[in-house]
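Please have a look at it first.

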Amino acid sequence: MWFIGLVSTLAIVWYLAYQGAGASLWIAVLISSLVAVTLATDIQWYISTPLWLVAAALIVILGVPAMRQRIITRRLLKQFRKVMPAMSRTEREALEAGSIWWDAELFSGRPDWEKLLNTPRPHLSEREQAFLDGPVETLCEMLDDWKITHQDQDLPPEAWDFIRQEGFFGLIIPEEYGGLGFSALAHSEVVMKLSSRSIVAAVTVMVPNSLGPGKLLLHYGTPAQRDYYLPRLARGEEIPCFALTGPDAGSDAGALPDSGVVTKGQWQGKTVLGVRLNWEKRYITLGPVATIIGLAFRLHDPDHLLGDKEDLGITLALVPRNTPGVTIGARHIPIDIPFQNGPNWGKDVFVPMSQLIGEQQYIGKGWRMLVESLAEGRGISLPALSVGAAKVSSRYTGAYAAIRQQFNMPIGRFEGIEEALARIAGLTYQMDAARKLTLSALDVGEKPSVISAIIKYHLTERYRQVINDAMDIHAGSGICLGPSNLVGRAYQALPIAVTVEGANILTRSMIIFGQGAMRCHPWIIREFSAAQNPDHGKAVADFDHAVFGHLGFLLGNTARSLFLGLTRGHLSRSPVSGPTRRYYQQLNWMSAAFALAADTAMMTLGGALKRKERLSARLGDVLSEMYLTSAVLKQFEDDGRPEEDLPLLLWACENSFYRMQESLRLLIRNLPFRPLAWLLRAVLFPSGFPYTEPDDSMSHKAAGMLLTPSASRDRLTQGIFITDDERFRQGIVEQAFRQAAIVAPVEKTLRSARRSGVISARDRLRQAHEALEKGLISEEERKGLETMRMLRRRVIAVDSFENYGKQHVLQTVPETSNHVA
């Protein structure tokens with residue numbers, strides 16, 4: 001009887017914890033259980049009485065808030081304040097900036113899938129689609145990337161003029177100010193398509209529309225500032241840049257040495273109150289051609305002209321290029337991708353208060369302004385550029401692998417090549433899904449700072465993997481730069497995407513989880529806020545609510561992790577049926593496991609976790625992979641569950657679950673308190689580690705998506721520059737790819753005939769003649785093979801240059817020519 005009672009009690013406790021029951025329900029169950037034991041069993045009074053006394057004490061101490069706060073919470077608050085990590089003003093502003101969205105659901109341990117699936121799918125308006133089909137397509141056709149990068153080191157004047165005339169600099173500026181007023185999706189699609197043709201053009205267009213004065217003025221500018229500058233920016237009369245990074249302060253905004261002092265000075269012939277600036281900046285995109293410089297600096301008021309404070313904090317200003325004291329330096333060369341980039345500095349540059357963005361209302365709020373604007377820039381521009389590179393790699397590397405032959409076989413049919421093609425296809429599918437999901441959030445008004453860091457890091461890192469795989473497959477034709485090379489410039493440009501707007505190492509090791517834990521966790525930010533409250537009574541009450549809410553959260557995720565781990569998610573709820581059902585269930589498991597692992601790491605390490613960057617990075621990786629997998633599932637639903645896309649979805653999901661598992665495994669292995677690590681391992685993975693990398697069969701199917709024409713392949717690569725025009729390298733590849741699919745059955749016939757000895761020639765054309773004579777193929781099929789031979793040689797041709805370094809006379813030669821070693 002006692003054993004049944006014990007099991008029943010444990011089951012009830014587990015169920016209450018699993019469901020996240022409140023204190024009143026716990027008390028009710030406790031009392032009911034004691035009543036049942038007392039009345040329904042033959043328990044003796046000397047046993048039941050102490051049980052009732054203990055229960056009464058627990059109810060009074062834990063169930064009565066005033067008593068609980070006096071006995072427990074005050075002591076906990078005192079201890080918490082001792083171990084709470086120090087937080088600078090800039091860190092606090094970064095944490096408060098932006099908003100939380102689906103990332104908070106994933107951090108909850110029990111994500112609400114309806115919230116994700118009911119998020120509106122982003123779509124282009126007719127006007128936006130017309131812009132992509134018209135001006136963007138025209139600009140792509142105007143651009144000669146080889147000439148831009150190798151000869152002119154700049155966009156041609158006619159491209160600059162076209163960009164201004166068509167409003168490319170005003171994509172985000174509302175129509176009322178003369179801009180295009182496009183959605184985040186349209187902004188992303190423009191950058192993505194341009195990047196597939198010329199990264200120089202893409203960067204030139206994307207910078208004014210992301211972290212630039214235009215974005216800051218829209219959110220924080222005064223009406224007068226918006227009325228004056230936004231129309232000029234939209235028309236391209238002003239070319240903006242934003243000067244943030246300097247030689248001594250990159251990611252550490254607290255160390256910003258650039259300064260401004262409140263003083264009076266001359267502006268347009270009048271003595272006015274303003275700021276005298278001194279700064280030194282570098283790596284500033286569009287800096288060499290900018291007419292208006294957005295500037296971040298630390299403002300001081302030593303003469304107290306604005307109030308009692310001297311250090312007023314980070315502030316932002318607009319400085320016209322022709323202001324006395326401004327110097328524009330010579331250009332940087334960003335890894336031979338010649339978009340305009342360079343240093344600038346100023347010495348004793350005076351600007352009036354009217355040039356501060358938002359004027360006096362936003363003095364000292366510059367870092368938060370930047371972080372909020374950066375969240376949108378990270379969520380649009382660099383992901384668009386990365387996805388553009390991945391789609392180019394998918395379409396044209398798959399085509400190349402179908403066209404290029406070795407041993408009379410398309411190289412794409414070799415298993416080693418298949419493995420790389422599967423990664424290219426699967427990661428591209430996942431990258432595009434994450435791009436679109438994030439744009440959905442931005443277009444409904446969210447400013448998801450954590451999610452933007454996730455996709456900035458993971459999409460640029462996947463860009464790295466995809467382009468490296470593409471270069472492996474293209475081999476010699478990939479490393480020979482020239483007009484015929486469709487992947488070489490994307491390979492060169494990769495470090496730019498990895499480095500800018502927060503270097504990837506920093507983003508992964510400090511920002512994703514460091515910021516995500518504080519913003520997305522349902523209780524931690526409340527605990528910190530309570531601990532910092534100077535009102536002791538309010539601090540104790542708020543801390544009491546937060547810390548016991550946190551305790552319930554911890555118990556709930558412990559119960560959920562153990563149950564979902566034992567069942568591997570099988571009994572959890574999924575919002576859909578069909579082939580993706582299991583992935584929703586497994587994400588339920590991973591969400592609970594992640595939440596518990598995060599709490600365990602934070603409770604055992606406290607403020608030291610901030611310095612344990614590898615542990616923080618692994619937790620951030622789990623959160624990121626859950627977001628990316630959610631995006632894949634959402635895209636599959638948005639696309640109407642196309643069965644032909646399943647190989648891409650399955651590959652992407654299996655890859656991500658394996659990465660989640662391995663990140664948690666490494667976290668557990670490196671937690672310093674080993675007994676707790678062993679216990680965590682038993683709760684998170686009680687039935688072992690189930691996930692592996694995608695298997696060979698799955699990779700074979702995913703790779704096959706890139707090797708033959710299909711609606712799925714077109715969906716995967718939609719949005720980049722695609723043409724059949726032979727004036728462009730893309731057009732030649734497209735023709736050859738389609739012809740390769742037509743002659744593939746004929747080539748298979750020839751291979752079978754030669755293996756069986758029916759024909760003996762080694763050369764493909766001689767094989768065709770021999771097969772024709774023996775009636776194995778038709779004359780039309782023979783002509784198709786001849787056409788394919790011609791197209792194949794055009795595709796595998798690479799560029800060479802006579803007198804390289806002198807006259808640069810271009811020739812295009814086959815890859816097998818003696819011109820290539």
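This is a predicted model: local features need pLDDT of at least 70, side-chain atom pairs count only at pLDDT 80 or more; totals for chains, interfaces and linings use all residues.

Let me begin with I335, which counts as partly exposed because its relative accessibility is 41%, where partly exposed is the range between buried, under 20% relative accessible area, and exposed, over 50%, calculated with a 1.4 Å probe on protein chains only. Residues are numbered from 1 along each chain as its sequence is written, and side-chain values use heavy atoms, with hydrogens and water left out.

Returning to I335, this residue has a positive phi of about 50° although it is not a glycine, and it sits in the loop between β6 (326–328) and β7 (341–352); strands here are DSSP runs of E with at least two residues, helices are runs of H or I with at least four, and both are numbered from the N terminus. R568 also has a positive phi, of about 55°, without being a glycine. R568 is found in the loop between α22 (536–567) and α23 (581–605), and it is partly exposed, with a relative accessible area of 29%.

Now to a pair of strands, where pairing requires at least two DSSP bridges. Strand β4 (residues 292–300) and β5 run antiparallel and are joined by nine bridges, and I293 has V319 in β5 as its bridge partner. Of the ten residues in β5 (residues 311–320), nine are buried.

What about the interior? The largest nonpolar core has 202 residues, and those with the most contacts inside it are F168 and Y463; such a core is a set of buried Ala, Val, Leu, Ile, Met, Phe, Trp, Tyr and Cys residues joined through side-chain atoms within 4.5 Å. Helix α23 gives the most to this core, with 14 residues. Apart from it lies another core, of 26 residues, among them L217, Y362, W367 and M369.

Leaving aside neighbours within four places in sequence, Y463 is in contact (heavy atoms within 4.5 Å) with residues including I199, L385, M431 and L494.

Finally, E105, in helix α6 (residues 102–107), counts as buried because its relative accessibility is 18%. Beyond its neighbours within four places in sequence, E105 is in contact with R110, P111, D112, K115 and S591.
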